[in-house]
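Welcome! Here is a friendly tour of a structure that may be new to you, arranged by topic so that you can follow along in the viewer.

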Amino acid sequence: MARPITMITGQWGDLKSDDLFAIMQRIGYNGAELACGGDHFDIQKALNEPGYCEKKWEQLKKYNLSCWAISNHCLGQAVLDVIDARHQAVVPDYVWGDGDPAGVNQRAIEEMKDTARAAKKFGVKIVTGFTGSSIWPYLYSFPPVPPSWIEEGFQLLAERWTPILDVFEECGVKFALEVHPTEIAFDIHTSAKALEALNYHPAFGFNFDPSHLIWQGVDPAKFIRRFPDRIFHVHMKDAALQLNGENGILASHLNFGDYRRGWDFRSLGHGSVNFEEIIRALNDINYQGPLSVEWEDSGMEREFGAQEAFDFVRKVDFAPSNIAFDGAFDKSVKA
């Protein structure tokens, strides 16, 4: 099927965009999901530097690449999170400022609004990202967590994100939350609750990524069918369950790449995700957007993995049938 195959650039942030785009062109990718940061895509330059967006398009076209979405995951994380020293490493210096938590939250809100404006100016309709979560530390309810605290977390989502989403709507851009641990929505139930809390804001939907669902025991294809009108973008990413009786899905405080973990990310086709069922579900909802490779595998050389992932997506992306399998026997249908 002719869905574009793209790759998110965030995991390649150590490379200059020209070097990365050359690799993507050689492999055959159709486009880049540009991560905000470094020289991949700069929000403030897009808004304030004359000709920046035009030059970025010229650069992409030089490598026969297009762009359907930009990513601002780390910045979005700082909107709802309870800010601590970890966030300094993942947000721009001008958002971190003096590190005062309330100030970081507020500057992150304004930068997310600017992300929508920059996307409009650049000419893309989707921003992928995170929301953060003020209540993620309460995932396991001990000491017992009052239900009102969880409700307050979703109320805070509405309070901080509705003004952001209003700007997205004004700009004709949609925000696609990557449903993910540490976000306000991390499975089907919390995704439904987030939609409800935001009063089903038309600019809010999901960046579907099966790798974050499969290890939790959530059926990725069921997620697609549960939210057919809210799948704004798709990440192709795999994860492998490797439970052995000694570990668990909470990963034992072991870093990615440690063979002792109960699960880990894998290059496409090397994990536990059933991508055929995902493609069938995407066909069912008539998703026509890009399939964006988010390549993460601590045990594989990444250029090899990027090539293999591209080949995997091209092979697995089949079109739905335009006729019932026994339709040829229907005499009322003329050839």
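Tyr200 has a relative accessibility of 48%, so this residue counts as partly exposed. Its place is in the loop between helix 8 (188–197) and strand 6 (204–208). Please keep in mind as you read that this is a predicted model.

**Backbone features to look for**

- Tyr200 has a phi near 50°, which is a positive value in a residue other than glycine.
- Asn286 also has a positive phi, near 60°, and is likewise a residue other than glycine.
- You will find Asn286 in the loop between helix 11 (275–284) and strand 10; with a relative accessibility of 53%, Asn286 counts as exposed.
- The peptide bond that runs from Phe142 to Pro143 is cis, and its omega is near -10°.
- Pro143 belongs to the loop between strand 4 (126–129) and helix 7 (147–171).

**Strand 1 and its partners**

- Which way do the residues of strand 1 point? Ile5 and Met7 point one way, Thr6 and Ile8 point the other way, and all are buried.
- Strand 1 runs parallel to strand 10 (residues 291–293), and 3 bridges join them; here Met7 has Val293 as its bridge partner.
- Strand 1 also runs parallel to strand 2 (residues 31–35), again joined by 3 bridges; in this pairing Ile8 has Glu33 as its bridge partner.
- Together, strand 1, helix 1 and strand 2 form a β-α-β unit that is right-handed.

- Thr9 sits in the loop between strand 1 (5–8) and helix 1 (17–27).
- Is Thr9 buried or exposed? Its relative accessibility is 0%, so Thr9 counts as buried.
- Leaving out residues up to four places away in sequence, Thr9 touches Leu20, Ala32, Glu33, Leu34, Ala35 and His40.

**Lys56, a lysine in a helix**

- Lys56 is part of helix 3 (residues 52–62).
- Lys56 counts as buried because its relative accessibility is 5%, and buried means under 20%.
- Apart from neighbours within four places in sequence, the contacts of Lys56 are Ser17, Leu34, Asp39, His40, Phe41 and Phe122.

**Helix 6, checked by its span**

- How far apart are the end C-alpha atoms of helix 6 (residues 101–122)? They are 31 Å apart.
- That agrees with expectation, because 22 residues at 1.5 Å a residue should span 32 Å.

**Aromatic rings and charges**

- How many aromatic pairs does the structure hold? There are 20.
- One cluster linked by ring pairs is made up of Trp161, Phe168, Phe175, Phe204, Phe206, Phe208, Phe223 and Phe227.
- The ring of Phe154 has the charged end of Lys193 over it, 5.3 Å from the ring centre.
- The ring of Trp263 has the charged end of Arg261 over it, 4.7 Å from the ring centre.

How values were computed. Residues are numbered from 1 along each chain as its sequence is written. This is a predicted model: local features need pLDDT of at least 70, side-chain atom pairs count only at pLDDT 80 or more; totals for chains, interfaces and linings use all residues. Side-chain values use heavy atoms; hydrogens and water are left out. Helices (H or I, at least four residues) and strands (E, at least two) are DSSP runs, numbered from the N terminus. Buried means under 20% relative accessible area, exposed over 50%, partly exposed in between (1.4 Å probe, protein chains only). Contact means heavy atoms within 4.5 Å. Two strands pair if DSSP finds at least two bridges between them. A crossover is right-handed if, with the strands pointing away from the viewer, the path from the first strand over the helix to the second runs clockwise. The expected span of a helix is 1.5 Å times one less than its number of residues. Rings of Phe, Tyr and Trp (its six-membered ring) pair if their centres lie within 6.5 Å; planes under 30 degrees apart count as stacked, over 60 as edge-to-face and the rest as tilted. A charge sits over a ring if NZ of Lys or CZ of Arg is within 6 Å of the ring centre and within 35 degrees of the ring normal.
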